[in-house]
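Please look over the structure below before reading my comments.

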Amino acid sequence: MEMLDTILFVLSLSLKIFTLYFAAVAVFALRRRKRFPRSAPQTRFAVVVAARNEEAVIGNLVCSVLSQEYPEALRDVYVVPNNCTDFTEAAAAAAGAEIIHCLGPVSSKGDALHQAFAQLLPKGYDAFLVFDADNVLAPDYLSRMNDAFASGAQVCKSRTRAQNPTASGVAGCYGLYNVIFDLIWNRARAACGLSAKLVGTGFGFRREVLEHLGGWNTSTIAEDAEFAAQCAGAGYRVCWVPDALNYDEEPNSFRLSLRQRKRWCSGVMQVAKQEVGRLWRTGVPRPVLRWDITMFLLAPFTQAASGLLLLLGILAGVLTGDATGLVVALCSLGLYCVGGMALGVLLCLLGGYGLQGMTKTIVLFPVFMASWLPLQVISLFRDTKQWYAVAHNGQGAPIAR
């Protein structure tokens with residue numbers, strides 16, 4: 001029992017340290033955010049989309065780019081079909097995209113982006129934007145990203161909302177999850193000079209950043225987190241641009257959601273093992289960026305530790321016959337569910353989704369959030385190395401143009 005108590009203490013202490021750090025940063029979300037000043041169009045954009053079997057949705061994204069309220073001469077859209085067995089390439093070309101063919105084997109999205117940027121860098125674009133094929137952009141998206149780059153930003157992350165929040169409880173939960181990150185992560189970090197969370201879609205960077213990094217070179221299944229770590233290591237801050245809005249089609253199946261999020265958890269752990277040491281072997285400026293990305297990359301391990309802590313706590317209660325502890329745990333679970341649903345209601349309102357059609361989402365939200373813990377624990381012991389496609393069908397509500 002002494003050994004078990006020691007393990008519980010160590011896990012509890014590490015969890016408290018991480019919780020206090022993230023809570024301290026989250027407080028900055030209370031600050032009034034500063035908007036990037038409006039700027040005349042000046043940034044020449046290349047929009048890049050790596051697509052695998054996305055025939056059903058790729059045309060919607062291409063059309064939303066080409067119909068932007070932004071000068072035609074300053075924006076092009078490129079689709080990189082890879083390992084497709086459908087008519088993704090034909091659909092993209094019919095919608096008006098230029099096609100980039102991979103010249104070598106492609107085993108991941110990172111490989112496709114590596115080959116795409118190798119071909120695009122010589123073309124003289126000012127900045128590149130990366131999206132998933134199932135996205136749709138708000139009509140002023142490029143204008144708002146132009147504002148950020150014209151103000152001196154080097155790497156940018158836009159705001160993402162679910163395109164199909166009422167299609168299912170699972171899709172709605174993804175939407176609320178995005179709202180959480182905007183409020184307590186991106187808004188807070190924008191206020192205190194840290195980097196926004198750079199996820200796999202809706203981000204951009206200036207050409208000079210890619211040249212400094214020697215091109216796009218990622219090797220894990222979490223190419224977004226890996227690129228974010230590379231940016232932090234080079235001293236580049238990821239600026240949050242909430243006025244630039246893109247919509248993402250979310251999965252409807254909870255089983256598919258578990259598989260997708262398991263890949264995310266495992267991928268970030270891969271990046272942590274590969275990049276954390278490199279981050280602290282360099283002597284570049286702005287070490288605070290390296291510290292923050294290190295805490296982000298290590299967060300899955302602490303979440304896995306909290307899951308193990310919960311299991312060990314229940315085990316200790318069973319072994320010691322502590323019925324009181326088990327009752328407290330059950331009561332805590334009940335309060336968590338009620339509190340989680342109340343939080344879901346608040347996030348629906350703050351995220352602009354409203355409450356109509358979101359009942360299933362609100363009820364499911366506590367389960368959705370709690371399911372991260374077992375996923376992190378499983379990822380700790382079982383690595384995911386293969387990427388599985390997520391089918392999209394363009395089911396979201398049409399976005400006004």
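The numbered points below take the cavities, then each residue in turn.

1. The model is predicted, and the comments should be read on that basis. A search of the whole structure turns up two cavities of 30 Å³ or more. The volume of the largest cavity is about 130 Å³. Of the 15 residues lining the largest cavity, Ser-195, Ala-196, Lys-197, Ala-228 and Ile-293 are the closest to its centre.

2. Which helices each supply at least two residues of the lining of the largest cavity? They are H8 and helix H10 (287-320). By class, twelve nonpolar residues, one polar and two charged make up the lining of the largest cavity.

3. Ala-228 belongs to helix H8, which covers residues 223-233. Ala-228 has a relative accessible area of 10%, so it counts as buried, the cut-off being under 20%. Not counting residues up to four places away in sequence, Ala-228 touches Leu-198 and Ile-293. Val-199 lies 29 residues from Ala-228 along the chain, and the C-alpha atoms of the two are 8.6 Å apart.

4. Glu-54 sits in the loop between strand E1 (45-51) and helix H2 (58-66). Is Glu-54 buried or exposed? Glu-54 is buried, yet it has no salt bridge. The nearest side chain of opposite charge is that of Arg-52, 8.5 Å away, whereas a salt bridge needs a side-chain nitrogen of Lys or Arg within 4 Å of a carboxyl oxygen.

5. Leaving aside neighbours within four places in sequence, Glu-54 is in contact with Asp-86, Thr-88, Ala-133, Val-390 and His-392.

Key. Residues are numbered from 1 along each chain as its sequence is written. This is a predicted model: local features need pLDDT of at least 70, side-chain atom pairs count only at pLDDT 80 or more; totals for chains, interfaces and linings use all residues. Side-chain values use heavy atoms; hydrogens and water are left out. Helices (H or I, at least four residues) and strands (E, at least two) are DSSP runs, numbered from the N terminus. Buried means under 20% relative accessible area, exposed over 50%, partly exposed in between (1.4 Å probe, protein chains only). Lys and Arg count as positive and Asp and Glu as negative; His and the chain ends are not counted. Contact means heavy atoms within 4.5 Å. On a 1 Å grid over the protein atoms alone, a cavity is a set of points where a 1.4 Å probe fits but cannot get out, and a pocket is an open set with protein on both sides within 12 Å along at least five of seven lines; lining residues have an atom within 4 Å of a point. Grid points are joined across faces, edges and corners, and a volume is the space filled by probe spheres set on the points. Ala, Val, Leu, Ile, Met, Phe, Trp, Tyr, Cys and Pro count as nonpolar, Asp, Glu, Lys and Arg as charged, and the others, Gly among them, as polar.
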